[in-house]
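Take a look at the structure, try each task, and then read on.

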Amino acid sequence: MEFVGMKRLLKQFMYNDRMTVSRQVASLDAEGADDYRIDEIYHEIPCHLGSYEISLTGKQSDRGDVLTQKFRIDCDPQYDIRPNDILDIQTAAEQQFLLRAGKALNYPTHKEINAEREGEEA
């Protein structure tokens, strides 16, 4: 199979959304103590966002049910997306989603990333 041609077609016809990826990385604070900061890893890479589950009775908390929505993002396999990365997605329809990445599945033609959003807007 010619993966290069398939990757080109995916980019041309499917990746109409944009994703900025941020990651929590170890650093030192002003006093030299261990700290963490959020670094932007990739800026507006082409992707495709799809929703595959909405749970209206998600997890219970002390304040009621927590709504969850699960998504799948497809992008080029060249990008290193890790679990717990923060995914800020802007769709072609100008909707914005802030998601937390799960484990990515790598294929020769694309990468599938499971992601989740919790809270009142899920």
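## Exercise 1: the cysteines

The sulfur of C75 has its closest cysteine sulfur in C47, 7.0 Å away, which is too far for a bond. This is a predicted model, in which local features need pLDDT of at least 70 and side-chain atom pairs count only at pLDDT 80 or more, while totals for chains, interfaces and linings use all residues. Residues are numbered from 1 along each chain as its sequence is written, and side-chain values use heavy atoms, leaving out hydrogens and water.

Task: find how many disulfides the count gives.

Solution. 
- Start with the rule: a disulfide is a pair of cysteine sulfur atoms within 2.5 Å.
- Turn to C47: its closest cysteine sulfur is that of C75, at 7.0 Å, so a bond is ruled out.
- The count therefore comes to zero disulfides, by the rule of 2.5 Å.

## Exercise 2: an aromatic pair

Task: work out which parts of the chain are tied together by the pair of Y42 and Y79.

Solution. 
- Searching the whole structure gives two aromatic pairs (rings of Phe, Tyr and Trp, the last by its six-membered ring, with centres within 6.5 Å; planes under 30 degrees apart are stacked, over 60 edge-to-face, the rest tilted).
- One of them joins Y42 and Y79 edge-to-face, with 5.0 Å from centre to centre and 80° between the planes.
- Y42 sits in strand β2 (residues 34-61) and Y79 in the loop between β3 (64-75) and β4, so the pair links parts 37 residues apart in sequence. Strands are DSSP runs of E, at least two residues, and helices of H or I, at least four, numbered from the N terminus.
- Both tyrosines, Y42 and Y79, are buried.

## Exercise 3: confidence

Task: decide which element has the lowest mean pLDDT and which the highest.

Solution. 
- pLDDT is the predictor's confidence in each residue, from 0 to 100.
- The protein averages 84, and 84% of the residues score at least 70.
- Where pLDDT is low, the predicted coordinates should not be read in detail.

Conventions: Buried means under 20% relative accessible area, exposed over 50%, partly exposed in between (1.4 Å probe, protein chains only).
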